[in-house]
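Please read the following numbered points with the structure open beside you.

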Amino acid sequence: MEDTRELQPNQLDALREVSNIGAGHAATALSQMIGGRIMISVPRITATRVEDVPEQIGDAENPIAAVLLKMVGDVTGHTLLVFPLPAAYRMAELMMHKPEGSITGLGMMEESAIKEAGNILSSAYMNALSEFMGMILQPSPPHLVVDMAAAVLTTTYLEFSADHEYVFCVESEFLMSDTDEKLKGFFLLLPHPASLTKMLQAIRVA
């Protein structure tokens, strides 16, 4: 089995459980940073081709903010944490302790806040996956890209198409308990072929 689309429902359930653990770790870290309680759930996880991802995260012409990290260690590849732009603005407000609606564009400080949120979230997901597989995964410093969804993901596909063909897409919902506010984001895991084989072997569950 070398294609993520061949994953069985119980294997996707195992990955969803790993993602839930990562989301829990990320929620704790983010809650400490913003000074308020955040809960993160994983309603859906899919395995698909990279070029099919834009339609999963919404209108391909809508602007998004994507935080890119490289994975190094026993498993290598790339991760993308994707927020619709309004959600990215709100995340920056929370990280910077600013009132809702006060951020309408991304300057250096706002970009830094979003990259830090992306770093926390991606690292938490990677740590959970690392513990599950008994392998070492380490993230690179984060890189932020802001553009239309189709442009960001097409560029990612073209840049890494020699190495990545399939992607795990983890839909994540962020609930601010104090205000009942909800944000949506997507964590994309793009493993190199050899690492994909290792991962698929590790998640062979009965």
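1. Helix H1 covers residues 9-34, which makes 26 residues, and from its first C-alpha to its last it reaches 36 Å, close to the 38 Å expected at 1.5 Å a residue; the expected span is 1.5 Å times one less than the number of residues. Just after H1, glycine 35 takes a positive phi of about 75°. Helices (H or I, at least four residues) and strands (E, at least two) are DSSP runs, numbered from the N terminus.

2. A word on the source: this is a predicted model, in which local features need pLDDT of at least 70 and side-chain atom pairs count only at pLDDT 80 or more, while totals for chains, interfaces and linings use all residues. Residues are numbered from 1 along each chain as its sequence is written, and side-chain values use heavy atoms, with hydrogens and water left out.

3. The protein chain holds 5 helices and 7 strands, and from the N terminus on its elements run α-β-β-β-α-α-β-β-α-β-β-α. Of its 206 residues, 50% are buried, where buried means under 20% relative accessible area, exposed over 50%, and partly exposed in between (1.4 Å probe, protein chains only).

4. The largest nonpolar core has 53 residues, of which Leu30, Ile40 and Phe174 touch the most other members; such a core is a set of buried Ala, Val, Leu, Ile, Met, Phe, Trp, Tyr and Cys residues joined through side-chain atoms within 4.5 Å. Helix H3 (residues 108-133) gives the largest share of this core, 11 residues. Apart from it lies another core, of 16 residues, among them Leu68, Leu153, Val167 and Cys169.

5. Which residues does leucine 30 contact, leaving aside its neighbours within four places in sequence? Its partners are Ile38, Ile40, Met95, Ala117, Ile120, Leu121 and Phe174, with contact meaning heavy atoms within 4.5 Å.

6. Strand E7 (residues 181-191) is mostly covered, since 9 of its 11 residues are buried. Strand E6 (residues 166-176) pairs with E7 in the antiparallel sense over 9 bridges, and two strands are said to pair if DSSP finds at least two bridges between them. In this pairing, valine 170 stands opposite phenylalanine 187 in E7. The two strands form a hairpin with 4 residues between them, and aspartate 180 in the turn has a positive phi of about 60°.

7. Strand E3 (residues 77-84) is also joined to E7, by 6 bridges and in an antiparallel arrangement, and here glycine 77 stands opposite proline 191 in E7.
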